[in-house]
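I opened this model to jot down what I could look up in it. Here are my notes, in the order I took them.

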Amino acid sequence: MRERGSPLFRRHRPSWRAPVELLSFGLYFLCAVLLVLSRIGHGAIADARDGLVDLTAPLLEVASIPAIEARRAIERGRLYAAAFKEVDHLKKENESLKQWEWQTKLLERKVAHLRSLLNAVEEPGLVYATGRVIADARGPFVRSALINLGRKDGVRIGYAVINGDGLVGRTVDTGESFARVLLLNDLNSRIPVLVGPAGVRGLASGDNSAELKLNFLPDDAKAYPGDEVYTSGSDGVLPRGLRVGVVSGTPGALKVKPYAKLNALDAVSVLFFDTPALQRADPQVAAAPAALSALPTDKADHPATASASLPIAAIMEHVGAAGLPSVGGQAQAER
Amino acid sequence: MTKYLPALSVLFAVVATAVPWGLPADATFILPLVVVMMVFCWRTIPGAALPPAGAVGIGLLADLMSGGPIGYWALMCLIGATVGGRAGSLREGSDFVLHWLIWSALVTVLAGFGWLLASAYYFRWIDWWPIAFGAMTSIVLFPVVMFGLLWVRHGRLGPERNEIFRGGA
């Protein structure tokens, strides 16, 4: 005989059982308490998170391999599908770059001459380490990524993270073998920037969407779609001159389209750029007596840590053949 | 092994959500909602054991791995487990459409609640589109996940299959 009544209203339990109901209420209460503790930034929560992520980092590293390979296979497939078109495009781009190369060499000579006239002090080269993204953060709250570089590699909170395309974000949390990178488009990301050839000051803020809002521009700012956006360094945290993106949108509602593909990150480089602001934020930062850019003293010979003059081959060896992360990064770091 | 199959499969899904798939920014809410959907589905499959405490544990793991606030996905999974437990057992397809409707209603409420909670957490209105898109996609994906879990339970690792093999021997 068919049982009557909708299954929606049919209960498994024949009667009310106090312990089960209490347990259920207790679990809801626990979730609420954890949310509040998380909001106020309780240390125990942060410690638990660091411990667990340190524990699961090797698992995530292994688990991310199929995803990364699948992504690469799709990209390769797209490339093969448009190979002829791509070759034509690259030929044109190559011609254009040859012109740029000639102009750059000319400008380099001019700059060197002017610097010698001014007796300008040489800027220190930035030191960086290259690693891989092993996990993504999902959900309405955060846009972050875990990378397989941690305190043992000299990574500290607040360091800039770049890839071959441009700035990716900055480190906000570090464990022994991992670091969490707050991406540019995260709700909490605020990057002081310079816009266009005039170097108009502004603030690029993330809102969890693909593009960044461009705020606090002066009223008479000469900023137009297509202008390049780069870091100003006025926050005392990020180095000046890192490529961020290009201005998009319409006048009055300008946005920044990041150069880096933030949803498909693979190999990234962490810049060791220690500033007084960072040392306040992360007391474990090794003091750099002479230069802002400092190689971690205890990890000077670590294979993941490279100076700006390190050959690309050595970096390739660390990140794998498909990495190609730091060619642009090196150029940016030296800007 | 079969006893731990629900928890293990959801754990596997939690790890899969943390892996960098390269999904666009609008699609970032889909995978965590699939985890909640799996919790809901396991609670409706007859004989499958995934207690609310287990769902909270899995949600906490998702929170810890995602870098978001601790307790958010735990709460979502707990709500999914509670509603799944009260929705009645699935009778091999006869109640499937009803469960699909229940999930559609639940995920709509969860999306609204999640958006409000996220906005309250950050004291600002956050973009609702990724959450709405994730919720709609999860409604479309429901049959795939439900029949996938039924296949996992009865097709490969279920006790019925073991009995068949023992009977054959």
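Does B:Gly134 count as buried or exposed? It counts as buried, because it has 26 C-beta neighbours inside 10 Å. (Buried means 20 or more other C-beta atoms within 10 Å of a residue's own, exposed means 12 or fewer, and partly exposed is in between; C-beta atoms are placed from the backbone.)

Housekeeping next. This is a predicted model, where local features need pLDDT of at least 70, side-chain atom pairs count only at pLDDT 80 or more, and totals for chains, interfaces and linings use all residues. Residues are numbered from 1 along each chain as its sequence is written, while chains are lettered from A and ligands numbered from 1 in the order in which they are written.

Back to B:Gly134. I found it in helix α6 of chain B (helices are DSSP runs of H or I, at least four residues, numbered from the N terminus). Not counting residues up to four places away in sequence, B:Gly134 touches B:Phe29, B:Ile30 and B:Leu33 (contact means C-beta atoms, placed from the backbone, within 7 Å).

Then I looked up the largest nonpolar core, which has 117 residues. (Such a core is a set of buried Ala, Val, Leu, Ile, Met, Phe, Trp, Tyr and Cys residues joined through C-beta atoms within 7 Å.) A:Val168, B:Val39 and B:Cys77 touch the most other members. Helix α2 (residues 30-44) of chain B gives the largest share, twelve residues. Domain 1 (18-81) and domain 3 (126-335) of chain A both contribute, so the core lies between them; the domain bounds come from an automatic or database assignment.

Where do the chains meet? I noted 46 residues of chain B in contact with 48 residues of chain A. The chain B side has 32 nonpolar, eleven polar and three charged residues. (Ala, Val, Leu, Ile, Met, Phe, Trp, Tyr, Cys and Pro count as nonpolar, Asp, Glu, Lys and Arg as charged, and the others, Gly among them, as polar.)

I checked α5(B) too: its 27 residues should span 39 Å at 1.5 Å a residue, and its end C-alpha atoms are 38 Å apart, which agrees. (The expected span is 1.5 Å times one less than the number of residues.) Its buried residues include B:His99, B:Trp103 and B:Leu110.

Last, confidence. Chain A has a mean pLDDT of 77, with 75% of its residues at 70 or more (pLDDT is the predictor's confidence in each residue, from 0 to 100). Over residues 285-335 of chain A, pLDDT stays under 50.

Technical notes:
Helices (H or I, at least four residues) and strands (E, at least two) are DSSP runs, numbered from the N terminus. Two residues are in contact if their C-beta atoms, placed from the backbone, lie within 7 Å.
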